Amino acid sequence: MSAVLRRIFLASLARRRLATALSLFAIALGVALGLAVQIIHSAALDEFGRGMHLLAGEADLQVIGPREGFDDAEYGRLAIRDEVADASPVLELDVRLPGRDRSLRIFGIDALRVAHVNPALMPLVAEAQRDERDLTVLRPDVLFASPAAQAELGVAPGGRLDVQAGAQVASLRIAGSVPGAGQGRALAVMDIAAAQALFGRLGRITRIDLRLKSGIDIEAARRALAAGLPAGVEVLTPQATEDQSAGLSRAYRVNLTMLAAIALVTGGFLVFSTQFLSVARRRQELAFLRALGLDRRALMRGLLVEGAVVGLAGGLLGIAVGHGVAALAFDVVGGDLGAGYFRGVAPALRFDPQASGAYLLLGVAAGLAGAWLPARDAQRMLPARALKSGDEAHMFRFRARPRIAAGCLGLAFVLCLLPPVGSIPVFGYLAVALILVGAVLVLPMLVRAAAHRWAGSRTVLWQLARARLAAAPGQAVVAGAGVVASVALAVAMAIMVASFRDSVDRWLTAVLPADLYVSAASQGTSGFFAPETLQRIAALPGVSRTMPVRFDTLRLDDRHLPVTLIARPLDGGSRLPLVGATAQVPTDEKPAWVSEAVVDLFAVRPGERLVLPLAGKPVAFRVAGVWRDYARQQGAVAIELDDYRAATGDLVANDVAVFLAEGASFNELAAAVRRLLGESTARIATPGEIRALSLAIFDRTFLVTYVMEAVAVLIGLFGVSTSFAALAIARRKEFGVLRHLGLTRREIGRLITLEGLLTAVAGTALGLVAGTAVALVLIEVVNRQSFHWSMDLHLPGVALLAFALIVIALAAFAARVSGYQAMRDSAVLAVREDW
Amino acid sequence: MALRWAWHALLFGLYVALAVPAATAEVGYPPVLPGKVLHFPDDGGAHPQFRTEWWYVTGWLTDGQGVERGFQVTFFRVRPGIAEDNPSRFAPRQLVLAHAALADPSVGRLRHAERSERALDPLAGASTGRTQVWARDWRLEWSGDHYRSRVEADDFAFDLRFDPAAAPVLNGEGGFSQKAGDPKHASYYYSRPQLAVAGSLRVDGATVPVTGRAWLDHEWSSELMPQGARGWDWIGINLDDGGSLMAFRMRDEQGGAMWAAGTLRTAQGETRALRADQVAFTPLRRWRSPRTGAEYAVEWAIDIDGRRLQLRPLMDDQELDSRRSTGAVYWEGAVRLFEAGREIGRGYLEMTGYAERLRM
């Protein structure tokens with residue numbers, strides 16, 4: 001492009017600085033958010049994957065069972081197999097540290113074996129801790145802490161660390177380090193036999209890492225080794241284990257990426273509206289250029305370049321901001337953006353050229369897409385006609401497309417019925433997009449219809465505004481579509497989050513019926529209460545009933561993550577937040593209640609048989625009902641504690657729920673429990689505390705969502721103000737005529753405000769409706785398919801109304817302010833332009 | 001030979017110290033006392049109450065092309081005195097360590113491999129009642145009339161059968177083998193010399209049938225090492241006339257002999273215990289290791305009860321350097337025994353404590 005043309009087209013961007021800046025900023029925001037989400041999650045995933053790689057070491061296969069482990073006799077059986085070159089048994093525990101508000105991952109390993117399979121876990125005896133026989137690694141009372149664990153816990157070789165073993169406290173000597181654990185990984189290693197004895201896991205291991213002999217086909221070996229294993233124990237490749245874990249957070253990551261994509265689309269839309277209006281305003285100028293010999297293609301190219309330049313600048317800014325946001329997020333909320341998927345992972349910020357390049361291209365694409373329609377329109381114009389004044393008016397003519405609108409909405413409905421693709425609700429997201437497109441298409445029809453209804457109003461300004469909107473509904477599309485889209489998205493998110501929070505709140509009430517909760521294994525750690533302790537708690541004065549809870553994880557197959565097993569007294573299911581149909585279970589069969597995730601992932605329904613691997617044996621249950629579980633996305637199964645104990649002979653419990661007797665004092669009972677168990681081993685909480693903590697976690701999880709939502713609304717408002725600013729400039733001739741006809745400047749300002757108000761009312765009303773529809777899709781399709789939980793619709797009516805009024809007021813204000821600019825020119829000048 | 005156990009244990013990073021005074025031991029190890037009568041095959045099996053025990057096979061192999069190689073395979077059983085009351089299957093109450101090496105003159109140095117396991121059925125263990133000790137797929141076993149040993153390593157493997165020609169040779173006083181001036185430093189120790197070897201050897205990917213002659217030592221003790229010793233020299237030689245010779249000396253810091261003893265069995269089956277004053281080791285030719293800088297006497301003059309014998313190695317470099325894994329450096333290799341310039345037997349020589357003082 002020649003320098004002259006560059007001046008013609010690109011200088012136009014400089015002339016409408018505000019509009020250009022806002023479009024650029026919207027694209028930058030979209031790129032920044034998308035890129036930040038991408039950077040943060042890929043860094044967290046990388047780090048998470050590296051951690052899993054490191055711990056898997058050189059293992060070709062891993063034998064994995066429930067969290068509480070499986071029979072350690074399997075180790076000898078598998079390690080002796082012909083396919084196996086080396087085997088390393090592991091007992092992995094998450095051990096609570098009394099007096100500290102954290103737990104420590106401890107790996108019980110065989111120091112004689114571990115170096116052959118996963119050298120990362122090899123303990124290194126500190127020189128000063130070496131005993132004369134150098135058997136330190138086998139000693140039962142020593143622990144080897146990784147450099148990160150030593151730093152975080154403030155311990156060093158020679159020092160001691162208190163750990164919770166069952167409901168007791170044991171003191172272990174730090175005898176050295178785990179140098180292979182790498183940076184930032186807090187873990188500890190001790191002898192496997194010592195760990196079994198100390199933590200009450202005699203006869204149990206949680207994992208066997210296997211290295212196969214060279215030349216052995218891994219998949220064939222996997223099948224052969226899996227054949228004789230106890231129920232619930234699977235043989236997986238480390239890659240499969242990693243994929244399953246990473247898959248857990250995938251839906252969440254896609255969700256956030258979608259939110260960022262919406263910001264980007266909105267940015268593209270802003271480019272559209274400013275380009276559209278700019279082209280309309282420059283129609284004569286462009287026609288003149290054509291008349292001077294500029295060919296159609298060069299014109300179109302020039303206009304597209306305008307959009308692309310905005311997209312490029314926005315993209316570059318977005319890349320810088322995105323990295324800044326990611327850096328901030330690592331500091332403030334951590335690598336999982338507060339959602340708890342990557343606990344204990346501390347990723348570092350790195351420049352990601354691939355993602356940056358991709359998002360830069362997306363930014364340019366958004367700019368190009370926004371400029372496409374106006375450019376095409378300009379390309380098609382007839383120079384002779386466009387040179388005349390008023391030709392731009394035809395651009396605002398808008399053909400109503402009821403069929404396309406209906407088609408979009410109908411297709412959206414159909415898409416909602418389709419299943420997810422690879423656990424991602426692809427069709428749900430498509431439906432959301434179609435609803436938004438449909439709503440935007442409906443907008444001009446709605447405005448026109450509404451304008452006709454307002455015919456009764458008598459004042460001149462009303463008449464003028466009505467006539468304008470009825471005659472040029474395209475204007476409403478340009479100005480109001482941004483309002484529709486952003487209001488719809490904000491409303492949808494608000495309804496979804498409100499419904500979710502409300503459902504979680506009620507769910508917490510249902511799952512926390514007792515007065516006092518005593519936990520030996522808070523946050524899934526390995527502490528437990530022995531049966532005698534349970535009896536002593538039950539016998540305390542003031543206790544009317546206790547409900548011990550036993551947690552474990554069960555692998556129902558080798559394709560999914562293990563589900564959580566919850567064994568506690570359930571009183572025939574009445575203690576669970578049941579949803580949907582239930583089934584009668586014959587008295588000679590054992591009932592199980594599955595969470596909604598289990599229904600989705602494992603395709604079981606009430607009344608069907610469900611085989612649970614308990615203590616290595618398959619035990620048949622009958623699904624009695626489905627319950628709602630917001631805590632375990634990978635699924636949970638609840639069974640009666642008595643059935644669990646009968647099947648496993650395991651009498652310990654991780655938590656106890658305590659019901660107060662009539663007239664008993666909560667504080668006295670809490671003090672009695674504390675005396676019984678000791679200050680530091682058990683955590684005592686009221687339902688209120690647990691609930692507050694849970695809701696705080698909930699809010700933290702949605703923090704990023706809230707931020708994105710605010711950004712969407714902000715960009716929508718940008719849209720309104722840029723559109724009206726450009727409109728006002730484009731219409732300055734019209735306003736000049738009106739001035740000549742006797743309207744005051746103030747009246748014209750009111751006219752613009754009124755038009756803006758009407759457009760905003762229509763857009764907001766439509767946004768509310770569309771938003772509710774989108775919320776329904778989010779709740780019933782996207783959430784259900786992503787996270788496998790249902791929720792009850794909860795409309796935050798007052799908040800939505802207030803929000804709608806604010807948006808309308810802001811839109812009217814934006815219209816008024818931007819219109820003011822147009823009226824600085826004298827009426828005479830404005831009109832003279834026509835002649 | 002009794003003294004090897006300690007540096008072998010060191011080799012595996014587990015120096016299960018004999019030097020530790022009994023008073024500090026957490027568990028009561030039975031003492032080694034003179035006068036005990038050894039019974040076979042029972043005493044060929046493990047004695048798990050004692051602190052350490054090993055079965056040690058060395059010998060010469062000849063393949064179809066007439067290539068001669070030395071081999072060695074050792075199984076250790078160690079009772080570390082840890083976790084004795086832990087009922088866990090993994091409790092390290094007994095450890096099994098194994099070590100194998102192949103001396104191949106065409107390679108010019110040793111190929112070697114090792115295994116270390118806690119005793120855990122069926123992966124590793126040492127049975128009582130008869131010789132049966134294994135660490136995963138490595139094993140040594142007595143089956144009524146012969147031993148069999150299998151070893152699989154990356155660059156070599158063997159599966160050998162050992163047929164004894166005669167009853168076990170009891171070292172020292174009927175199997176009570178004293179290691180220092182104080183009789184509490186002693187072991188129960190018998191040897192099976194003149195084992196006829198037949199089996200297969202894999203080396204460089206080719207498996208070939210081999211025959212040869214080997215020597216088995218079995219020794220168990222609780223408190224064996226005298227203090228102040230820097231290392232030791234030991235030989236076990238199958239004599240061509242059907243007899244056998246075992247001799248060792250323990251060296252102090254200055255390289256002088258602190259204690260020496262031996263057993264000479266004649267072709268006629270007569271066994272004679274050699275006292276300290278009847279055994280003398282004199283270095284003749286030294287070789288310096290390019291890897292460790294340690295200097296070993298690879299040729300010796302050995303005086304046995306007035307006879308002067310000469311020892312020459314299959315190859316000079318039979319040093320085993322495992323500093324990277326466990327830190328031990330020693331020389332252990334196939335040797336020929338000469339008398340008046342004539343070869344009279346073949347066996348193994350072991351020299352420890354030359355690279356550095358053994359940490360005891």
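Predicted model: local features only at pLDDT ≥ 70, side-chain atom pairs only at ≥ 80, totals over all residues.

**Starting from one loop**

Mentor: Let's begin with B:Pro41, which sits in the loop between helix H1 (4–11) and strand S1 (52–63) of chain B. Residues are numbered from 1 along each chain as its sequence is written, and chains are lettered from A and ligands numbered from 1 in the order in which they are written.

What is the geometry of the peptide bond from B:Phe40 to B:Pro41? That bond is cis, and its omega is near 10 degrees. Chain B has another cis bond for you to find, the one from B:Asp121 to B:Pro122, where omega is near 0 degrees. B:Pro122 lies in the loop between strand S4 (109–118) and strand S5 (124–126) of chain B. Most residues other than glycine have a negative phi, and most peptide bonds are trans.

With phi in mind, move along chain B to B:Ala340. This residue is not a glycine, and still its phi is positive, at about 55 degrees. You will find B:Ala340 in the loop between strand S22 (328–339) and strand S23 (342–352) of chain B. Is B:Ala340 buried or exposed? B:Ala340 is exposed, because 9 other C-beta atoms lie within 10 Å (20 or more within 10 Å would be buried, 12 or fewer is exposed, and in between is partly exposed, with C-beta atoms placed from the backbone).

Strand S18 (residues 279–288) of chain B runs antiparallel to strand S19 (residues 295–304) of chain B, and 9 bridges join them (strands pair if DSSP finds at least two bridges between them). Follow B:Arg288 across and you reach B:Glu295, its bridge partner in S19(B). The hairpin of S18(B) and S19(B) has 6 residues between its strands, and B:Gly293 in that turn has a positive phi of about 80 degrees.

Now step back to see all of chain B. Its secondary structure comes to 1 helix and 23 strands. Of its 360 residues, 53% count as buried. Take the contacts in chain B between residues at least 6 apart in sequence: 58% of them join residues at least 24 apart (a contact means C-beta atoms, placed from the backbone, within 7 Å).

Chain A comes to 26 helices and 22 strands. It has 835 residues, of which 51% count as buried. Among its contacts between residues at least 6 apart in sequence, 84% join residues at least 24 apart.

Strand S3 (residues 84–96) of chain A has 10 of its 13 residues buried, so it is largely enclosed by the rest of the structure. S3(A) pairs with strand S4 (residues 103–109) of chain A over 7 bridges in the antiparallel sense, and there A:Leu91 stands opposite A:Gly108. These two strands form a hairpin with 6 residues between them, and A:Gly99 in the turn has a positive phi of about 80 degrees. S3(A) also runs antiparallel to strand S11 (residues 207–212) of chain A, joined by 6 bridges. One place to look is A:Ala87, whose bridge partner in S11(A) is A:Leu210.

There is an alanine with a positive phi in chain A too. A:Ala615 is not a glycine, but has a phi of about 50 degrees. It belongs to the loop between strand S18 (609–614) and strand S19 (617–627) of chain A. A:Ala615 counts as partly exposed because it has 18 C-beta neighbours inside 10 Å.

Finally, pick out A:Leu676 in helix H21 (residues 666–677) of chain A. A:Leu676 has 15 C-beta neighbours inside 10 Å and therefore counts as partly exposed. Which residues does A:Leu676 touch, not counting those up to four places away in sequence? They are A:Arg536, A:Ile537 and A:Leu540. A:Ile537 is 139 residues from A:Leu676 in sequence, yet their C-alpha atoms are 7.8 Å apart in space.

Terms used
Helix = DSSP H or I, 4+ residues; strand = E, 2+ residues; numbered from the N terminus. Contact = placed C-beta atoms within 7 Å.
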